[in-house]
Every structure is written in structure tokens, then in C-alpha cells.
Amino acid sequence: MKILRGKAIKLGDGISTDDIIPGRYAHLRSNLPELARHTLKDAIPSFTSRVKPGDFLVAGNNFGLGSSREHAPIVIKMSGVSAILAKSVARIFFRNAINQGMPVLLCDTDRISDGDELEMNLDSGVVTDLTSNSKISFGKVPPFMLAILKEGGLIPYIKKHKDFIIAAKQHTENNEEKIE
Amino acid sequence: MAKTLAEKILGNKAPGVKAGDIAVIALDLVFLQDTSGPLVIRQLKESGFGKIAMPQKAVIFLDHAAPSPNKELSNDHILLRQAAQETGCLITRVGDGICHQLVSERFAKPGDVIIGSDSHTITAGALGAFATGMGSSDVAAGLALGKTWLRVPESFLINLEGSFPKGVTGKDLILYLIGKIGADGATYKSLEFGGGALAEINMSQRLTIANMAVEAGAKVGLFPSDEVTREFLKEQGRGKDYHALYPDAEANYEKIIAMNLKYLEPMLSFPHTVDNAFPVGEAKGTKIQQVFLGTCTNGRIEDLAIAANILKGRKAHPATRLLICPASRSILIQAVKLGYIETLIEAGAVILPPGCAACLGLHQGVLGDGEICLSTANRNFKGRMGNPQSFIYLASPATAAASAITGEITDPREFL
């Protein structure tokens with residue numbers, strides 16, 4: 001997959017889907033460009049003016065806890081963010097982000113500072129922090145989720161394959177294990 | 001191989017699977033609600049399928065914004081009604097109640113696998129159904145294909161012994177447990193409840209406990225299907241849906257947590273996280289402007305009975321709004337027949353139409369700047385009730401009713 005490059009926008013622990021896109025804007029969910037104007041409003045009020053295409057969201061533990069609203073990864077993606085890095089991610093958000101074609105990678109984000117320039121190749125398993133000149137490895141994306149990512153999300157995947165193509169009883173040595 | 005509840009249910013559908021395996025599983029019920037549902041319908045069209053594989057096993061619920069507070073959400077309701085007509089699936093009426101309550105009353109059976117486009121889909125685990133919340137894409141795929149893919153989770157056993165002391169309920173138990181293990185303490189896991197205390201924990205409380213398992217990050221919160229389940233299904237006119245379902249005695253658990261109910265006290269989650277849980281005494285005397293009693297967590301007839309018993313012959317404090325919302329139409333009817341609604345209205349309560357009401361900040365009780373609400377819901381995230389400048393404490397219906405009387409956070413045991 002292609003090389004992703006951008007600046008780190010840092011967030012703390014426990015960023016909920018209400019932080020990412022507050023429930024009070026539910027009336028805008030059928031108007032995604034309007035909805036996206038409120039991305040991360042309660043967590044980083046300056047987010048939508050600050051974010052540049054290619055930037056990375058770099059979070060702590062349990063990113064995306066709470067509601068199942070897929071609008072959370074959708075508005076993050078619409079803002080131009082190329083990938084989410086976190087120490088751990090809530091289960092539903094993790095699936096939703098992958099289903100939207102948004103890479104979510106688990107790594108030691110304490111080593112990354114706000115504003116650092118990052119470069120990443122999904123296949124290599126390493127994020128390079130160009131500012132601190134260090135390499136941080138991330139957990140492998142489980143094989144089926146990687147297949148969904150490569151199709152650009154679950155809906156394009158289903159459209160193309162008409163089914164879930166999974167080897168029977170595929171055992172995973174994956175980063176879902178490491179989500180906890 | 002000895003199996004956990006999760007392995008047993010998923011193993012019935014995909015023989016031989018164990019924790020860690022990926023399985024494709026046929027679904028018994030797929031549902032959506034009105035704030036995440038419109039996206040599901042658009043994605044179903046986008047997927048090229050358009051049709052629902054099994055319309056008799058799909059339901060659309062109108063509950064989160066019901067009746068709708070604005071034209072945008074009204075238009076979303078129109079879209080969902082048209083989708084129901086086109087696909088042949090069932091759609092509920094505004095006022096029928098909250099999806100999770102209706103799933104427990106009408107649809108979920110022990111051993112079912114259920115997905116819904118709402119994180120509290122997990123509630124039906126109280127009936128021994130592997131029920132889990134997913135996003136719109138997964139639910140659209142479930143509608144299109146009649147199946148989903150899952151990784152079979154590892155399980156934690158929460159072994160419950162003893163009896164609840166006076167004034168303590170399942171809500172206090174689950175707030176305490178989440179406080180202990182943390183908001184990510186069970187991420188990805190199956191939280192399975194067992195032990196000698198289960199016979200004493202009625203279905204209403206099991207639904208409360210399973211509902212909040214997701215607040216510890218769990219994928220499912222499961223109870224065995226036992227006599228309590230049989231009795232509940234019989235009361236719903238669904239006695240034939242019962243079958244017994246227990247984990248194997250030698251099942252392999254990643255962790256076993258033992259709790260004795262007799263040591264529990266009324267609990268509170270402080271703003272702004274559910275795992276910020278302490279005994280109610282820690283916030284005693286905190287002035288509250290609103291009490292909200294309802295939701296998929298605590299809007300059942302047993303919850304209304306607790307509130308009516310405490311509020312009978314008393315009045316809510318004049319500085320505190322008391323909002324009460326039965327979780328379903330049938331609960332509202334029962335509460336009318338049993339006289340609870342009259343008692344509650346006389347005590348100063350506003351009765352809201354069955355639905356999600358004030359829980360998620362769309363309507364029917366949005367908080368003002370600096371206001372504090374004591375709520376029986378499952379989430380107290382910043383901004384959850386519509387205003388990031390407000391504060392939410394979570395508690396049981398007993399604590400909510402007692403606090404409504406005094407206008408400040410109060411230990412319910414003072415009124416029992």
C-alpha cells in the first residue's frame with residue numbers, strides 16, 4: 001500500500017465517539033459535509049482549522065469508546081486524516097474505522113509528540129517519526145481486516161466479493177489481541 | 001472441549017470454533033435504529049445488494065429521536081419508513097419504545113446471534129443471546145448477506161455470590177464492576193456472569209447489567225439461560241423460545257472475578273466517565289437540577305416500581321426537574337394499570353414517551369450550562385446529554401428517586 005505522510009495531532013486517553021462527533025449533531029448525519037464541521041469539537045476546538053490532508057491522529061488508550069456511530073471514523077476520514085495511531089482502541093470503533101478504509105494501528109504513541117512529522121507504510125509495520133528520527137513498530141492488522149482495508153472498506157469489499165472470503169477457522173496472531 | 005457461553009453459542013453456528021478463531025455466523029436478528037439507520041440503508045444500496053437477505057429477521061426501530069425534534073431527523077424517519085416498505089422488514093412506531101427493550105420483550109432467544117447498529121445491542125446477552133453492537137457497514141453487510149464475521153472472544157467469568165443488601169440493585173453491581181476493571185478492562189472480551197447469586201437476579205437487573213458490559217469495552221455480556229429466563233419468556237408469551245443454556249463447568253476463562261453482593265452499596269459514576277465510580281456517599285449533598293429515570297439501562301417496570309414506592313406521598317424538590325421515561329409501550333401500560341404513573345405525576349414527574357428521551361442529548365431534557373443531572377442511563381460522557389458544559393452522574397433508580405426528593409445526591413437507604 002502507499003506511503004502515508006503527515007503531522008501528528010495528539011489526543012489523550014479515553015476519547016469517546018461523543019468527543020469525536022457529539023450526539024447533539026445527530027440531525028446532521030444525513031448531511032456529512034455539515035456534520036464534519038463539528039469533528040472533535042469538544043476535545044480539540046481548533047481541530048477542523050488545524051488538520052491538513054495526510055495528518056495522523058495520535059491517541060492514548062481506549063480511543064473511540066462509546067457509541068457504534070460509524071459517523072465517527074467517517075468525519076475523521078473526511079477531515080483528511082490518513083491513519084489513526086493509538087495505544088488501544090475500543091472494539092466497535094476499530095471495526096468501523098477499518099470498514100471505512102481508515103487504518104488504525106496500535107503502537108506506543110507516548111514516543112510521538114504533537115506536531116511531529118510522521119511517515120508510514122502499512123505493509124512495513126513501522127511508523128517513522130521524522131522529527132525525532134525514530135522508528136516505532138505497530139501491531140499487524142489481522143489478515144481479513146487488511147483485505148477490507150485494501151478494498152477501501154467493507155461496503156466496497158462486499159460489492160466486489162459478494163460474500164466474506166475467509167478461510168475456515170482462520171486463527172489470528174493479530175493486533176485485535178493487543179487491543180486490550 | 002469444555003466451552004464458555006460465547007464458545008457454546010458461536011460453536012452451535014460454526015462447529016468446533018474456540019476463543020481466538022474467526023468465524024462467519026448466520027444471524028438470527030439484525031436491527032437498526034433511527035440515528036445510525038439511515039447510513040445503514042444508504043450503504044445497503046451502495047453495496048449493490050439493496051435487498052435484505054432475510055427481511056423477517058430484520059427490524060428498524062424509531063426510538064432515538066422519537067417523536068422527532070426537527071425536520072432533519074423527521075426526514076431520516078421518512079427514509080427509514082420507505083426502506084421498510086421497500087425491503088419488507090418490520091418498523092416500529094414512534095412510542096413503541098427503545099430497541100433494546102423491545103428486542104428483549106419480543107425477539108431475543110437463548111442461543112441467538114444478534115447484531116444491531118447500536119452499542120447497547122449487548123443488552124440481549126441477559127437472555128443468553130450473543131448480541132453485539134456494530135457500525136453501519138457491518139449491519140448493512142449483515143442485512144445483505146444474513147451473516148456476519150466475528151472473532152470468538154476470550155471470556156471473563158464474573159462469579160456472583162450472596163444477596164443484595166437493602167437499597168442495592170444490579171445497577172450498583174455493574175457500576176462497581178466497571179469502576180474496578182475500568183472502561184477498557186474487558187475490551188474485546190465476553191463478560192460472562194455466573195455463580196449462586198444468579199437465581200436472585202431478576203431479568204430486569206440482568207438486562208441492566210448486560211447493557212452496561214459494553215462500558216467496560218466488552219463485546220458481549222452474557223447470562224446463562226435458566227429458570228429466570230424461562231419465567232421471563234413465559235411472561236412475554238414466548239415460553240416456547242426457552243431452552244436452557246449454561247457454560248461447561250470446566251470452561252477456560254481468561255480471568256475469574258469473584259464478587260459477593262452483600263458487600264455492595266449504592267454506587268455513582270461521577271462525570272465524565274463511567275468507570276469513575278464511587279459509593280453514593282462520596283457525592284452526598286451535591287445539588288442537582290435534573291433527574292432522568294429511564295433508558296435501556298433502567299426504564300423497566302421494576303425500576304418504575306422502585307421509584308413509585310419511594311416517591312409515593314412525597315414531592316420532587318422544586319429546584320429539580322424529574323423526567324421519567326418507560327422503556328417501552330407495554331411497560332407504560334403496566335405502569336398505568338399498577339398506579340405508578342399517577343403516583344409519579346403527583347410527585348411532580350414529567351412522563352416522557354417511551355424511547356431514548358434525554359439520554360443522548362437530542363431532545364426531551366437537554367441540560368443547561370453548568371447544570372447537573374442524576375441519570376439512570378449508561379453513559380455520562382462530556383456532552384452526552386446535549387451540552388458539554390453540563391455534568392452527568394449515573395446511579396440506580398432508587399438513588400434517582402431519593403435524590404429527586406431532596407434535590408441533591410442522596411443515599412436511597414434514607415428512604416427505605
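1. Basis. This is a predicted model: local features need pLDDT of at least 70, side-chain atom pairs count only at pLDDT 80 or more, and totals for chains, interfaces and linings use all residues. Residues are numbered from 1 along each chain as its sequence is written, and chains are lettered from A and ligands numbered from 1 in the order in which they are written.

2. Open sheet in chain B. Five strands of chain B line up as β4-β3-β2-β5-β6, with parallel pairing, and the sheet is open. β4 (90–91) and β6 (130–133) of chain B each have a single partner strand, so one side of each has no neighbour in the sheet. Strands are DSSP runs of E with at least two residues, helices are runs of H or I with at least four, and both are numbered from the N terminus. Two strands pair if DSSP finds at least two bridges between them.

3. β5 (residues 113–116) of chain B joins β6(B) through four bridges, in the parallel sense. G116(B) has G133(B) as its bridge partner in β6(B).

4. Hairpin in chain A. Here the pairing is antiparallel: four bridges link β6 (residues 126–129) and β7 (residues 134–137) of chain A. T128(A) faces K135(A) in β7(A). Four residues separate the two strands of the hairpin, and N133(A) in the turn has a positive phi of about 55°.

5. Strand β9 of chain B. Five of the five residues of β9 (residues 190–194) of chain B are buried, so the strand is largely enclosed by the rest of the structure. Buried means 20 or more other C-beta atoms within 10 Å of the residue's own; exposed means 12 or fewer, partly exposed lies in between, and C-beta atoms are placed from the backbone. S190(B), E192(B) and G194(B) point one way from β9(B), while L191(B) and F193(B) point the other way.

6. Neighbours of β9(B). β8 (residues 155–161) of chain B runs parallel to β9(B) over five bridges. F156(B) has L191(B) as its bridge partner. β10 (residues 220–222) of chain B also pairs with β9(B) in the parallel sense, over three bridges. There S190(B) stands opposite V220(B).

7. Crossovers. β8(B), helix α6 (residues 170–181) of chain B and β9(B) form a right-handed β-α-β unit. β9(B), helix α7 (residues 203–212) of chain B and β10(B) form a right-handed unit too. Right-handed means that, with the strands pointing away from the viewer, the path from the first strand over the helix to the second runs clockwise.

8. Chain contacts. 43 residues of chain A are in contact with 51 residues of chain B (C-beta atoms, placed from the backbone, within 7 Å). On the side of chain A that touches chain B, α5 (91–99) and α7 (154–161) of chain A are the elements that give two or more residues. α5(A) gives the most, with five residues.

9. Backbone angles. Most residues other than glycine have a negative phi, and most peptide bonds are trans. The bond from A66(B) to P67(B) is cis, with omega near -5°. P67(B) sits in the loop between β3 (58–61) and α3 (71–87) of chain B. P271(B) and H272(B) are also joined by a cis peptide bond, with omega about -5°. L40(A), not a glycine, has a positive phi of about 55°. L40(A) is buried, with 25 other C-beta atoms within 10 Å. T295(B) has a positive phi of about 80° and lies in helix α9 (residues 295–298) of chain B.

Definitions and conventions: Contact = placed C-beta atoms within 7 Å.
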